[in-house]
Each structure stands twice: as structure tokens, then as C-alpha cells.
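Today I'm looking up how the parts of one chain sit against each other.

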Amino acid sequence: MAGQQGIGKWRDGLDVALRVAIAMLGGYGATAACTMLLARVWPASRLDASLWSTILSFALYAGLVVWTFAAPSALRAGLVVAAIGLAAGLGAALAA
Amino acid sequence: MSQGFRQSQAGLHTWSGLLVGWILYLIFLNGSVSYWREEITRWAQPEIGATQNVQTVAHGAIAHLTKVAPSAKSWQIELPSERASGAITTYKPKGKPVSGGFRRPDPTRTLIGPDGQVATARDTEGGDLFYRLHFDLRYMPVIWGRWVVGFCAMFMLVAIVSGVITHKKIFADFFTFRPGKGQRSWLDGHNALAVLALPFHAMITYTGLVTLMVIYVPWGVTANYPSLKAYYAQSIPKTKPLKATGQAAPMADIGLVLKSADEVWGGGHAGLIRIENPGDKASRIVVTRRASDKLVDGRWEITFDGATGAVRSSVAPQSSGMIARGGMIGLHAGRFAPLTLRWLFFLSGLAGTAMVATGLVLWIAKRRQRLPDPARPYFGFWLVERLNIGAIAGLPLAMTAFLWANRLLPVNLANRADWEGHAMFLTWGVTLVHAFVRPTRRAWIEQLSATAILLIALPIFNLLATDRGLPATLAAGDGAVAGTDLTLLALGAAFAAIVLAVVRHKPGTDRRKPARVATQPAPRVELKPALAEVEA
């Protein structure tokens, strides 16, 4: 029993550490990609598009962090954040 | 909302709050105090009085610059707002610019008093010290400070969102206060402070991030511009320097220039005057609008012909993006705010400061009851408890020490303004050490009472040792200085009340007595329901 509890604790710790990394680094990366995409497709002058997308980026980042901790598992959180980042990055590259 | 979701947010809220809590406390407290930046500077320079007539000051500034730098490349005059005193003149000599560095005083800087004459006042940063500390921190490169502050602000935003989610019944909590019940009281207090000013907290955190947004998230800009420089060139366009002809020409009367600026802005006033090629036939007077008479921050400028005083061009924030950004920055800094609103900003900021403080104490209160042996807490508990004292009680004491240094350091001390700042941080260092070596309850009481005594003693010192005691400033109707003294008294009384509550509080009697900063565990019965509330 004690051994199982130890493993459970260790796994919980790993889960939290992974989520922290995904939220901070992955979340920032995905936010950066989404902001680039938004800045390029926003229907306004390039100055306004850049400013509006940057203003909104903090709400997006906060949303991603909150969701990362609410996701069913760290793996799922990582996959979704990575998918969002890659899709937005690809979109941003195509919109360039 | 599922239980699991709420629980995940409770953990996120607790740990993100703890990680950045102490720095957030500093940011919140100094930001709140910065709403009185000009008033504190006025208080810190008792040598100069309030400005009565801006025209007198502007004419005096021009006369001074004409005397000391007739052939400069450019002059600059920072005019006082309604709340500040005197003007500050600087100039750039022809040839290679002399760099003063970011925090080093400009050697050409001169203070012009309300009477239009050159004034001497003690060397001090005044309210600017708290203002800079709020987003640059200190003793580190400015850009590091801004990254640290931005990092903490982002955590704050996450803490706000997760804190709201954690609440099962946010409106009921707002009306709930159960004093004298240990951890539960801290939780109620934390909730009330958070919910009471929630719109302010959310606004101030978000707009704070927007203030420096291009540093933190440059990607929206780099997506559309080849470089950040190209972006700045478009958002803040630079005018080409005007080539001097070498022919002398009298300058247009600055009073008339200021008057026509007021007309162009429909009652708005000038805050900054820049004069290129002063005294030359080809000269330019660029007037920037005062921050206090508009909400939207940004480039509000009118360019005049220096010789004729005719309006050449005028710019103001135009596009939606610039207005949105400028409006958020304006809302954050509150420079537009008239007195009543300024008080609300200040008090909401203090509520935010107290929210962070109660959150930090709550972390301790919650864990104390689970300690197997309260006399020997585990390392993390010990560290957080001591850092809480050094930060929550120590920082206000250090800030008070800065005000005392402003009064007590010799006026002719070299680098006097720097030493005022050092006095603050040396004091803070002492409070941190003190927090670690004294028994916790004693440490709280000693630091809080020192703050109370030193705050209340300041206006008394002003009364006895200067000619700007409260009766004099009240009689003169000098609201900035009198108001600062009165606020110091009120804050001192507030600290005294906290000390009294802590002293009266007997550890282990949480059911009857309010304000718990105890060193011993509360009755165990409280543990379950209170915990269930946060974590369920």
C-alpha cells in the first residue's frame, strides 16, 4: 500500500510539473502563434491589426493556462496546446 | 461547472498566488501610492510651493534657457500640472548629445519655481521612486524589472480568473464575514477584498500588461513589421530635425503659443514644450498635451513655427488600435482622474494590496492547523511565514523610512536622492532579517508598531521642524502637502489599529477575537468546513 501511495504521489507531482511547463512555455508559444495569425488576418491596417491582436493576447494566454490545469490529463493538455500552436503558426505562415 | 474543474483552479490559484505574492504585494502597494506621485514629490520638496500661474513659470523657463543655453540645439520645458510644482528645463547642446543614462540626472536639468525663478530644492526622487519601483523594480536593469513585473502581472491575471472560478458563490461570499474564526476569517477577508474591487483588479492587471505589451508579446508586431523599430516609426512617427539657418530671429511669445494650444485642444493644456533651434529663423515649437486632461494616452502634439507662432500641424491618436491601447494605459495610470476618482483608484489599489496580503496569510493560516508540531514547522512553512512578515509588514516600514530619509538626510549630501532610496532598501533588509530572528508574533507586532509610530511622527516632525506643518499648509489651502500629511496620519492610525488587534488577540481564542496573526494552531474543529469551502 505504502509503495502504491508513493508512486501515486510521484505521478501527481509529475502531472503538476508537466502542466506548469505546458502552461508557461507551451501556452506562451501557442499565444505567440495565435497573436501572429490574428495580426495577419485582422481586417484593419497593419498597425491596428498588430495592436488589437497584442491587446487580446493576454486574455488568450490566461485562457490557455486555466484550461491546461483543467484538462483531464497533462498529456491531453500538451497535445491540445501544441495543436493550437501548430495550427495557428501554420495559418500565420500561410497568411504572410 | 464540474467539481473537478473548480478544484483544479483552486490548486492553480493557491500556488500561482504564492509564487508571485510578495512581488505582487510590492507592485500593488507602490502602484497605489503612485496615484499620489505628484503630491508626494510636492511633500518631498518643501522648499517650493504650489504653482499659481503656469504662464509665469513658462516665461521664467524661457528666460532661464535663453540665458544659459542661447545656442542650444533644442530646449525642453516640462510644465507643472495642477498637482505639481514648478517646471523642469533641460537642453541639448549642439553637437554630440550627452547621455545622462536612464536613471542618472540630466546635468542640464534645472528647476524653475512657481515664481518663474530658478529654484533650489533638495535632491529627491519623491513620488517618482514609488512610481518607478512599481514597474522597473530597482537595482537591476530596467528591462529585467519589467519582465519580472510582467511575469507577476500575468500570474495575477491567471489568479483572478482561477480565483473567480474557485468561488462557488461569489456574491454570497461578498456579504460574508465571520471575524475571529481564524482561517475562515482570513478567507472571508480575502474574498471580500477581492470581490469588492474585482472590476478594478481585473482592469488594473489587464491594462498594466497592455502598458508594456510590446515588450512581453512582440509577435503581433513582428508578424506585420520587419522590425520593432519599423513599428515604432509608424506608431510614434519622428519628425525630421529642422536645419538651422544661422540667421537669428526673435522667438514667438510662449504665452501666446500656449494660449493657441489650449484653443486647438478645446480647453486642453500643454504639458511639455520642446523648442528646436531656439532663436533661429528656422525654429519649431512642439507642444505636447498634458496627461491630466484626457483619458487616451499617446502622442498629442501641436507644432508651431518658432518665429511666428503659427500652427504648423497637429496630431492626436487616431486609429482604433492606438486609441484602445492609449485608453487602457490612461485608465491604468489614472492621470486623468480628478480628486474623487483618484481617491477611489487609491483605495481600490490598497484593497488589492490587502487582498494579496490576506491571500499570503491565508496560505499560512490554512497550513498551521495541519502542522504536527507547531513549534517546529517544516521548512516551507517556516520560510513563507517569515517572508510574509518581511514583505507585508517590512515593506511599508521601508517606504516610511524613505520619507524619513527625505526629511533627515543632509541637504548637501552627494547623491542624496540615491541615498533616500538606499535608506528604504537597507531598512527593508533589516526588517527581513528581523522577521527571521524574532518569534513570529513579536516580529509582526514590532514591525507594524514601528511603521505606525514612524508614520504618525512624520506630520509631527513637519510641524515642529519645518514651516510646512499641517496648520500652515491647511491655512494656505495647499491640498497636496496637507493631504499627504493627513493621509500619513490616517495610515499610521490604521497600522496602530492593526497592532492593537494583534496584541489583543490571544492565540487559540479565535472564536471570540478578531484579527488573527497568531503563532499557535487554532482549534482543529474549524479545519474541515473551512477547507471544504475553498477546495470543494
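I started with the touching sides: 31 residues of domain 1 of chain B are in contact with 29 residues of domain 3 of chain B (contact means C-beta atoms, placed from the backbone, within 7 Å). This is a predicted model, where local features need pLDDT of at least 70 and side-chain atom pairs count only at pLDDT 80 or more, while totals for chains, interfaces and linings use all residues. Residues are numbered from 1 along each chain as its sequence is written, and chains are lettered from A and ligands numbered from 1 in the order in which they are written.

Next I checked which elements supply the domain 1 side. Helices H1 (3-33), H2 (37-44), H7 (183-196) and H14 (339-368) of chain B each give two or more residues to it (helices are DSSP runs of H or I, at least four residues, numbered from the N terminus). H14(B) has the largest share, eight residues. By class I noted 19 nonpolar, four polar and eight charged residues on that side (Ala, Val, Leu, Ile, Met, Phe, Trp, Tyr, Cys and Pro are nonpolar, Asp, Glu, Lys and Arg charged, the others, Gly among them, polar).

Then I followed H2(B) to H4 (residues 127-136) of chain B: their axes come within 7 Å and cross at roughly 140 degrees (lines fitted to C-alpha atoms over the stretch in contact, angles from 0 to 180 degrees between N-to-C directions). From H2(B), I listed Arg37(B), Glu38(B), Glu39(B), Ile40(B) and Thr41(B) in this contact; H4(B) brings Gly127(B), Asp128(B), Phe130(B) and Tyr131(B). I logged these as three nonpolar, two polar and four charged.

Notes. Contact = placed C-beta atoms within 7 Å.
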